[in-house]
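Here's a quick walk through one model, from a single residue out to the packing and the gaps. Have a look at it first, then read on.

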Amino acid sequence: MDQLALLFMLLLGAVVSVPVGDRLGLPAPVLMTLLGIVLALLDFVPNVTIPPDLILPLLLPPLLYAAVRRTSWRQFTANRRPIFLLAVALVFATTVCVAVVAHTIVPGLPIAAAVALGALVAPPDPVAATAVAGQLGLPRRLVSILEGEGLFNDVTAIVLYHVAIAAAVSGTFSPWEAGLDLVLSAVVAVAVGLALGWGANKLMDLLGDATLQISLTLLVPYASYVLAEEFHGSGVLAVLTTALFLAEYATDPDDVMTRLAGHTFWGIVDTLVTGVAFGLIGLELHHAVRTASGRWGEMLGWAAAIVGVVVLVRLAWLLPATWLTRRMHAKRDHDEDIPVSRRETVVMWWSGMRGVASVALVLAIPLKTDEGAAFPDRDEIVFIAFGVIMATLVLQGLTLPWLVKRLGVQADTDREKEFEKALALRAAKAAKRRLREIEAVEELPEELSEQMVRRAFDIGVRISPDVGEDERREAHEKRVRRLKRVRRIQGEMLSAARHEVLAARSEAGADPEVVDRVLRHLDVRSLR
């Protein structure tokens, strides 16, 4: 088997793992990690040869962009305190605790190398958190906080990692320079992200065509990441800034086709790239196995100790942090999403899985220092890091669904239905307002006016049936049954038309482009 065949196997696994995971009640990313582990243990499967410095630029931009499309700037601002406590403060705390323990238990491990180990295992993976938590029916406030933590903690961790690696390689360290690097990295990233977001928004207006606009959204995350890194900024934060800007300002309410096509396209990208990313995590297991030859007992003990530190520090931090955030929330009128019980705090604690970023950072550790000596205890760091990644991702990922079910932590469906009903009412009222504006300047026949009023009402009822009164709801249900019958018959008619047009494609003298253009018209008509 060569590298290309292995890639196609991972892509196939990414597609198949979704329905299999749904049937087994297990997260698809965890299944892909297990598949990667199995492949790594087979003799005929080649070792992955992707350069470590390309893993983050290739995989993170589309995954981050896809994740941000599911959220909004308002959610981040509403959750700024819990996100700061988790994505910044907790990363610092975890890095310090891991560094102290590793420096103590691993003989001869320098403090700079220990800090690098702490930084690369500190951030929970944003893709793992959103992919796993999003499938379990958790309360939206928990998913929002986990998404915010996962999206922003890489920024802090990667900067700490680079500072620690630079200190280990050069033998010098300045706290002031490290702090300045962190601030400058964030400023550059935000500037690049906003500039690219603004430019991409303007360019989308010029492109017009849905295919070109969606193609641009695929290129923009990569451009944002690469440009920010080129100017010594945080590529992760730049992608987040660009994605949030586009989600806020580049949405045309009337551009239905682009929105539908974009949703489908990014669903495909998210599924395939996520599957490949977590499959690679499992495949990289051979690095850890290779470094542990002859020292399994000792190195497994170190890895277990660091796993315990990572897991316990998160719990010890979450309990008081959640209490503090709840107290601050009680003194304000903000609608801030916070855990409202200890059970939800436990679920947040167990959702701290490590993944793609940690793998890329550990593999990117240099082999030698500036003086030409071997990087101190690199093999030990690699093994411990993979121990943390596998333990948190596989163990926590496999048991999280059971824990959620056991604790009974579920989304507040009543609240969601009430919000859906409120939005349906707003949509119906907006439609009626527009109808009155049209009637003010155009003379509509009475029959047409009554029909339009009914349709304005139907807009809300189709979204949320609870909007209408009983009598009007019953009348609406009759119209819906009639409409379904009409659509069924119309669908069969359009199907016959499509079959006829497709048959013409193979006839002599038929122009395939004209056939495809007519077929697109029929497809669009089928959506109405």
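In which helix is Thr156 found? Thr156 is in helix α8 (residues 140–170), where helices are DSSP runs of H or I, at least four residues long, numbered from the N terminus. Before going further, note that this is a predicted model, where local features need pLDDT of at least 70, side-chain atom pairs count only at pLDDT 80 or more, and totals for chains, interfaces and linings use all residues. Residues are numbered from 1 along each chain as its sequence is written, and side-chain values use heavy atoms, with hydrogens and water left out.

Back to Thr156: its relative accessibility is 5%, so it counts as buried. Buried means under 20% relative accessible area, exposed over 50%, and partly exposed in between, with a 1.4 Å probe and protein chains only. Leaving aside residues up to four places away in sequence, Thr156 touches Ala87, Val88, Val91 and Phe92; contact here means heavy atoms within 4.5 Å.

Now the aromatics. Rings of Phe, Tyr and Trp (its six-membered ring) pair if their centres lie within 6.5 Å; planes under 30 degrees apart are stacked, over 60 edge-to-face, and the rest tilted. There are four aromatic pairs in the structure. One of them joins Phe265 and Trp266 edge-to-face, at 5.6 Å centre to centre and 85° between the planes. Tyr65 belongs to one aromatic cluster with Phe265 and Trp266.

| Residue | Relative accessible area | Class |
|---|---|---|
| Thr156 | 5% | buried |
| Phe265 | 26% | partly exposed |
| Trp266 | 3% | buried |

On to the nonpolar cores, meaning sets of buried Ala, Val, Leu, Ile, Met, Phe, Trp, Tyr and Cys residues joined through side-chain atoms within 4.5 Å. The largest has 119 residues, and Leu117 and Leu120 have the most contacts inside it. Beyond residues up to four places away in sequence, Leu117 touches Val98, Ala102, Ile381, Ile384 and Ala385. Another core, of five residues, lies apart from the largest one and includes Val501, Val515, Leu519 and Leu522.

Among the buried residues of α2 are Ala28, Val30, Gly36 and Leu39.

Definitions and conventions. Helix = DSSP H or I, 4+ residues; strand = E, 2+ residues; numbered from the N terminus.
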